[in-house]
Amino acid sequence: MNMKIQTDEDVFSGSALEIMEQFRMRTFDPGEFPDTETYLWFLQDNFIRMTGIDPMLPEGDVPRKARAMLHALAEAGALMILEDEE
């Protein structure tokens, strides 16, 4: 399941998990988040704090959580989903 998203002028493609990993590696200190799931918790907490809305990430595997977080970010206007092959 591949996606293509755009944030400002940057375009990312791959699975939702791969895109989240690219985001994690672009943080000021990628070592702060030892894995993608930890980074997703960080994003979820920030999303709630900034919007007052809980994106309600699904239980279970990290790829499903990553996809749900990308869709929540798109709904909030933080990025655009250009392609989503479910």
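The legends below describe close-up views of a predicted model. Local features need pLDDT of at least 70 and side-chain atom pairs count only at pLDDT 80 or more, while totals for chains, interfaces and linings use all residues. Residues are numbered from 1 along each chain as its sequence is written, and side-chain values use heavy atoms, with hydrogens and water left out.

**View 1. The largest pocket and its lining.**
The largest pocket has a volume of about 460 Å³. Of its 18 lining residues, Phe 23, Tyr 39, Leu 43, Leu 73 and Ala 78 are the closest to the centre. Two elements give two or more residues to this lining: β2 (10-15) and α2 (36-51). The most comes from α2, with seven residues. By class, the lining holds 11 nonpolar, four polar and three charged residues. A pocket is an open set of points on a 1 Å grid over the protein atoms alone, where a 1.4 Å probe fits and protein lies on both sides within 12 Å along at least five of seven lines; lining residues have an atom within 4 Å of a point. Grid points are joined across faces, edges and corners, and the volume is the space filled by probe spheres set on the points. Helices (DSSP runs of H or I, at least four residues) and strands (runs of E, at least two) are numbered from the N terminus. Ala, Val, Leu, Ile, Met, Phe, Trp, Tyr, Cys and Pro count as nonpolar, Asp, Glu, Lys and Arg as charged, and the others, Gly among them, as polar.

**View 2. The largest nonpolar core.**
This core has 20 residues, and those with the most contacts inside it are Ile 5, Ile 19, Met 20, Phe 23, Met 69 and Leu 70. The elements that give it two or more residues are β1 (2-7), α1 (16-25), α2 and α3 (62-75). Helix α3 gives the most, with six residues. A nonpolar core is a set of buried Ala, Val, Leu, Ile, Met, Phe, Trp, Tyr and Cys residues joined through side-chain atoms within 4.5 Å. Buried means under 20% relative accessible area, exposed over 50%, and partly exposed in between (1.4 Å probe, protein chains only).

**View 3. The surroundings of Ile 5.**
With neighbours within four places in sequence left aside, Ile 5 is in contact (heavy atoms within 4.5 Å) with Asp 10, Val 11, Phe 12, Ile 19, Phe 23, Leu 70, Leu 79, Met 80, Ile 81 and Leu 82.

**View 4**
The whole structure contains four salt bridges, each a side-chain nitrogen of Lys or Arg within 4 Å of a carboxyl oxygen of Asp or Glu. One of them joins the side chains of Glu 21 and Arg 24, at 2.7 Å from N to O. Because the two residues are three apart in helix α1, about one helical turn separates them. Glu 21 is partly exposed at 25% relative accessible area, whereas Arg 24 is buried at 10%.

**View 5. Glu 37 and Lys 65, between α2 and α3.**
The closest N and O atoms of the salt bridge between Lys 65 and Glu 37 are 3.0 Å apart. Lys 65 lies in helix α3 and Glu 37 in helix α2, so the pair ties together parts that are 28 residues apart in sequence. Lys 65 is buried, with a relative accessible area of 11%, and Glu 37 is partly exposed, with 24%. Beyond its neighbours within four places in sequence, Glu 37 is in contact with Val 62 and Lys 65.

**View 6. Arg 67 and Asp 84, between α3 and β3.**
A salt bridge joins the side chains of Arg 67 and Asp 84, at 2.2 Å from N to O. Arg 67 is in helix α3 and Asp 84 in strand β3 (residues 80-84), 17 residues apart, and the pair links distant parts of the chain. Arg 67 is buried at 11% relative accessible area, while Asp 84 is partly exposed at 26%. Apart from neighbours within four places in sequence, Arg 67 is in contact with Met 1, Asn 2, Met 3, Ala 16, Asp 84, Glu 85 and Glu 86.

**View 7. Two loop residues with positive phi.**
Most residues other than glycine have a negative phi. Asp 8, in the loop between β1 and β2, has a positive phi near 50°. Asp 8 is exposed, at 69% relative accessibility. Met 56, in the loop between α2 and α3, has a positive phi of about 50°. Met 56 is exposed, at 61% relative accessibility.
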